[in-house]
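Please read the following report with the sequence and the model side by side.

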There are 2 protein chains.
Amino acid sequence: MKIIYCEDHRLHFPQAELSGGQFVTPFERPSRVEYVLNRLKERKLTQISAPDPVDMKPVQALLDPGYLIFLETAWDEWKAAGMEGEIIAANVPARGMHMDRIPDNIDGKVGYYCHASETAMTQGTWAAALSSVASAQTAQRLVADGADSAFALCRPPGHHATADQYGGYCFINNAAVVADMFRASGAEKVAILDIDFHHGNGTQALFYDRSDVMFASLHGAPQDAYPYYLGYADETGVGAGEGFNLNYPMPPGTPYDVWREALDDSIAKISAWGAEALVVSLGVDAYKEDPISFFKLESDDFTDAGRRIGRMKLPTVFCMEGGYAVEAVGINTVNVLEGFKDA
Amino acid sequence: MKIIYCEDHRLHFPQAELSGGQFVTPFERPSRVEYVLNRLKERKLTQISAPDPVDMKPVQALLDPGYLIFLETAWDEWKAAGMEGEIIAANVPARGMHMDRIPDNIDGKVGYYCHASETAMTQGTWAAALSSVASAQTAQRLVADGADSAFALCRPPGHHATADQYGGYCFINNAAVVADMFRASGAEKVAILDIDFHHGNGTQALFYDRSDVMFASLHGAPQDAYPYYLGYADETGVGAGEGFNLNYPMPPGTPYDVWREALDDSIAKISAWGAEALVVSLGVDAYKEDPISFFKLESDDFTDAGRRIGRMKLPTVFCMEGGYAVEAVGINTVNVLEGFKDA
Ligand SMILES: [Zn+2]
Ligand SMILES: [Zn+2]
């Protein structure tokens, strides 16, 4: 399996994450990628290459133009306003406020384009986010051109980012861009399977009214887990998209045998629908020792999950999402890929 | 003028405010009250007394029951969940998410009941908020019983708090509770005049559909100033409340002569309507040297503003709101009260 990776991810390394009322070193940190790279090399998966330059057209086609301008210009505007720290949203348009009026003030603009305050932006965030989506795009082109599969070792991750909101460590929704590119490259039906511990709220939002991209997410129930306010089972899509959004929220302590049933159900639905291409939002924070999650998957379970996904025999792009038990993130990620290849 | 004040406000003193991507000592801090008290004594305004115990009935009548339980229990729940810092919201139900589903997880619950992350809750916040609204209630009873006016030296302030959201340093909307108590004590028409630099989004929200309480707010335009996503001139009320919400957003650098025209207009409308009681949300952050605001009022202007308000000759309760140029906050607050008495 070809692996696409760009070292520019290091340009995004915030000093602080707001967590439990304190600033902590971000759980989503550059070393996560090093653990995956090391494990890939240990397992002789060395077909690693750098991405082609980012193609902004598919990104612009899917996301809000004002949001992309914001991501590109926010740092300079923030600093020009005299802000001393990194960019952290202190306000968000909340219940009862306007959801459709964008302030001129950069502090208000940050809140408008953000849905959670744990995620800081830095000087290098935009460049890192572009390098991340570039890896995803290169992986997509490889598969569209005939490869069985490819792994985009994306960082920052993407599945929490909507058309016009960052948050949850995500800025550009890599998996969503890949799915849309599969549509443009000829697939009539594209599925996104999100096995990250957290609900892929951004991906859901991007395709909620569409019947050409099916989205399935296995995740911690929103009553108990970030992003808290989306990811319920009754979110099934809207309009033409009705029935094409599949949420599998699961409670604290969920073991693999329960999780696997959800996985099998989502796979069965994707297969029955006749998806022609698959994008996997590959987070491994369902791992039992993940510091910010509460499922109980063992490392071997990720191999088994990968095998089940592989049995779909679909052209598949894996996009790296979360996973924060830093050492295990490498083992578990590679286990999914190896299980997939063994299927 | 009788002044009501409770030293329990000191129980609320967060260590940190999220500002410009950093933690800073909160602008809304206990010393603000000391400056006002000192200035009151300098000016021989010494009719200062402690409030009667809080009466929860008017508070419960106006605010969401679940919100009040949350405020009372949040600290214990936060600590029981192992959070190490003070309570700071890292998430808020944002655009595209459910606005009506309350998570079980305390981190998610905090976000549900919050609209801005600059405001931390501490162990003593609930007690302080109760003491603040107790002062407001005692002031209201004095005026309902025949006093011309009274000043509730409230801290924490209230005007950003809605029926079910804290934020902007506010937890319980003191001025709104007073207005509702005036209604209960016989006034048919009650006006709230909010001269704090910031839009009184909480007060607006609480009375937006009501025709018995008129709300007028002079404030920094939301494009440029917190709370950013509410406070536009076209927010005029809804349903029965249509026409009873008056917003006067003004741009950076607004001097007193412009501000005064807005004040006179709001006073004319309140008077023409025939208000029988007045609640003043008395923030003095319109002052030219306020560290987080951008109007250009001089200290003498506050005296003049007080005089104009006094000429309405309405039974009046002043509730302290914001004002952060710590030394001047005493002078400017007392100037409003002295101008009012001289009218
Ligand atoms: Zn995750
Ligand atoms: Zn204010």
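In strand β5 of chain B (residues 149-152), B:Ser149 and B:Phe151 point one way while B:Ala150 and B:Ala152 point the other way, and all of them are buried; buried here means under 20% relative accessible area, with exposed over 50% and partly exposed in between, for a 1.4 Å probe and protein chains only. Strands (E, at least two residues) and helices (H or I, at least four) are DSSP runs, numbered from the N terminus. In a regular strand, the side chains alternate between the two faces of the sheet.

The model is predicted, so local features need pLDDT of at least 70 and side-chain atom pairs count only at pLDDT 80 or more, whereas totals for chains, interfaces and linings use all residues. Residues are numbered from 1 along each chain as its sequence is written, chains are lettered from A and ligands numbered from 1 in the order in which they are written, and side-chain values use heavy atoms, with hydrogens and water left out.

Strand β5(B) has parallel partners, where pairing requires that DSSP finds at least two bridges between two strands. Three bridges join it to β1 of chain B (residues 2-4), and there B:Lys2 stands opposite B:Ala150. Four bridges link β5(B) to β10 of chain B (residues 316-320), in which B:Val317 is the bridge partner of B:Ala150.

| Zinc ion | Donors | Distances |
|---|---|---|
| ligand 1 | A:Asp196 (OD), A:Asp196 (OD), A:His198 (ND1), A:Asp285 (OD) | 2.0 to 2.8 Å |
| ligand 2 | B:Asp196 (OD), B:Asp196 (OD), B:His198 (ND1), B:Asp285 (OD) | 2.0 to 2.7 Å |

B:Asp196 counts as buried because its relative accessibility is 1%, and B:Asp285 is buried at 0%.

Turning to the interface, 49 residues of chain A are in contact with 49 residues of chain B, contact meaning heavy atoms within 4.5 Å. The rule finds four salt bridges across this interface, each being a side-chain nitrogen of Lys or Arg within 4 Å of a carboxyl oxygen of Asp or Glu. B:Arg95 forms a salt bridge with A:Asp164, with the closest N and O atoms 3.3 Å apart.

Definitions and conventions: Donors = N, O, S within 2.8 Å, 3.2 Å for Na, K, Ca; no water.
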